[in-house]
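This report covers selected packing features of one protein model. Please have the sequence and the coordinates open while reading.

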Amino acid sequence: MTISHCDTLIHAAWVVTQDDSRRILEDAGIAVSNGFISAIGSWEELAPVWYPKRIVDLTKHLVLPGLINAHTHASMTLMRGLADDLPLMEWLTKHIFPVEQKLTPELVHLGALLACCEMTKTGTTAFCDMYLMEEHVGRAAEEAGLRARIGEVLFSFPSPAYANQDEAFDLVRSMKERFDGSNRVNTAVMPHSVYTTSPELLEKSMELAEELDIPLNIHLAETQTESQQSIEQHGLRPVPYAAERGLLSKRTLAAHAVDLTDEEIDLLAKSGTRVCHNPESNMKLASGIARVPEMQAAGIPLSLGTDGACSNNNLDMFSEMSSCALLQKVHHKDSTLVPAQQVLDMATRGGACSLDMPQTGYLAKGQAADLIALNLNTPSLMPMYNPISHLVYAAQGADVALTMVGGETLYQDGKFTRIDYPALREEIRDAAEFIKKQFEQGKMA
């Protein structure tokens with residue numbers, strides 16, 4: 001019998017691998033070396049042949065791949081609950097944009113750190129973020145230990161980070177250079193939407209993405225109002241307009257994609273464009289119900305996202321999975337639609353596909369050791385008949401007991417290993433006073 005050495009040997013009650021066969025293992029083991037999975041299988045097979053530096057006892061836990069939040073605005077945690085129960089355009093232009101004009105790099109960093117804590121605690125190991133002064137979000141992700149795709153939001157008007165289009169594109173280039181050496185953070189070109197940009201900005205955004213060989217992210221077809229505005233301004237609905245500008249391709253990730261015709265679904269599918277579905281944000285802002293079954297049938301790669309914490313109002317991907325499944329069932333009056341396995345695929349393998357992180361999304365030999373563990377002693381997770389059902393319909397982010405990225409434990413049993421959360425909490429309270437003051441001044445203006 002050959003003995004092999006590893007850094008960590010995990011002993012779990014259940015492992016939902018999400019591998020190509022969707023194997024579910026009971027009384028399972030995972031050997032981790034240098035941040036990657038060296039072996040996965042039954043504990044009986046692994047325990048005698050792997051000699052670890054440490055053993056992690058998860059014999060009362062369910063282990064699965066870390067969840068991937070494919071669309072969010074992390075620093076908006078600072079505005080959670082600031083302007084609720086409003087239509088998207090009014091919420092965005094009259095309340096959010098004015099406060100964002102007062103943001104500083106320090107505030108963006110603080111809000112992103114808070115978001116990273118929330119995501120780590122609720123089982124997210126990778127996220128995709130579009131926001132202002134985004135370099136500071138990337139810095140927060142590195143500090144927290146999460147994987148991230150980040151991108152400076154590009155408008156056709158000035159933002160707190162740039163005065164004009166040339167400065168905006170220079171910022172994208174400098175961010176690409178800054179994070180090229182990071183093993184956790186990468187970058188993308190991220191024009192905000194068709195209604196906050198110009199045709200020239202959209203075309204140059206794709207040119208820049210191709211030049212730098214990085215992805216492009218955009219909000220697209222989020223509401224009927226957006227569609228109507230696009231028709232009035234450009235003579236085309238958002239998806240055909242984006243196609244005309246050269247934005248639809250295999251490097252593109254479109255957030256929302258709610259208001260779609262059959263022809264537009266076909267256009268997205270043929271172009272290879274990926275879509276991130278944000279059900280809770282879409283419900284809260286009354287944006288509509290995305291045509292998930294039709295997009296799945298067309299072969300569009302789908303992922304899940306929370307959107308920002310002031311249009312959701314949390315970053316809990318377990319909640320997002322449940323909402324994704326239930327919303328489609330009641331909307332179509334068909335309980336068989338969007339079953340639990342498809343939803344879990346969106347939150348794991350689909351997210352990995354959308355963020356071009358092939359080493360994540362499932363657990364197998366050679367994959368990154370990005371995984372989470374749920375406490376099965378939680379009353380709402382007992383008894384355990386079908387792990388996939390529990391993960392989508394019963395589990396909550398609060399059930400997460402351990403979060404690991406690249407073999408490194410970032411959170412376990414209520415404690416963060418990288419972030420001083422009590423100190424951060426006090427800084428957030430001070431920041432909230434400033435945000436509240438800016439919001440009140442904006443309302444009086």
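The model is predicted, so local features need pLDDT of at least 70 and side-chain atom pairs count only at pLDDT 80 or more, whereas totals for chains, interfaces and linings use all residues. Residues are numbered from 1 along each chain as its sequence is written, and side-chain values use heavy atoms, with hydrogens and water left out.

**Sheet.** Four strands form an open sheet in the order S10-S11-S12-S13, with parallel pairing. Strands here are DSSP runs of E with at least two residues, and helices are runs of H or I with at least four, both numbered from the N terminus. Two strands pair if DSSP finds at least two bridges between them. Strand S10 (216-220) and strand S13 (302-304) are the edge strands, each pairing on one side only. From one strand to the next the twist averages 30 degrees. Between S11 (residues 252-256) and S12 (residues 274-277) the parallel pairing runs over three bridges, and Ala254 stands opposite Val275 in S12. Helix H12 (residues 317-332) packs on the sheet and touches S12 and S13; the direction of H12 makes about 125 degrees with that of S13. Angles run from 0 to 180 degrees between N-to-C directions, and axes are lines fitted to C-alpha atoms, for helices over the stretch in contact.

**Helix pair.** Helices H13 (residues 340-347) and H15 (residues 387-394) pack at about 70 degrees, with their axes 9 Å apart. That makes H13 roughly perpendicular to H15 (the class spans 65 to 115 degrees). Ala340, Gln341, Val343 and Leu344 in H13 meet Ile388, Ser389, Leu391, Val392 and Tyr393 in H15, contact being heavy atoms within 4.5 Å. The contact of H13 with H15 has seven nonpolar, two polar and no charged residues. In this scheme Ala, Val, Leu, Ile, Met, Phe, Trp, Tyr, Cys and Pro are nonpolar, Asp, Glu, Lys and Arg are charged, and the others, Gly among them, are polar.

**Two buried residues.** Buried means under 20% relative accessible area (1.4 Å probe, protein chains only).

| Residue | Strand | Relative accessible area |
|---|---|---|
| Leu216 | S10 | 0% |
| His11 | S1 (residues 4-16) | 15% |

With the same exclusion, His11 is in contact with Asp27, Ala28, Trp43, Val56, Asp57, Leu58 and Thr59.

Technical notes:
Parallel < 35°, antiparallel > 145°, perpendicular 65-115°, else oblique. Buried < 20%, exposed > 50% of the residue type's maximum accessible area, 1.4 Å probe, protein only. Lists of a residue's contacts leave out its neighbours within four places in sequence.
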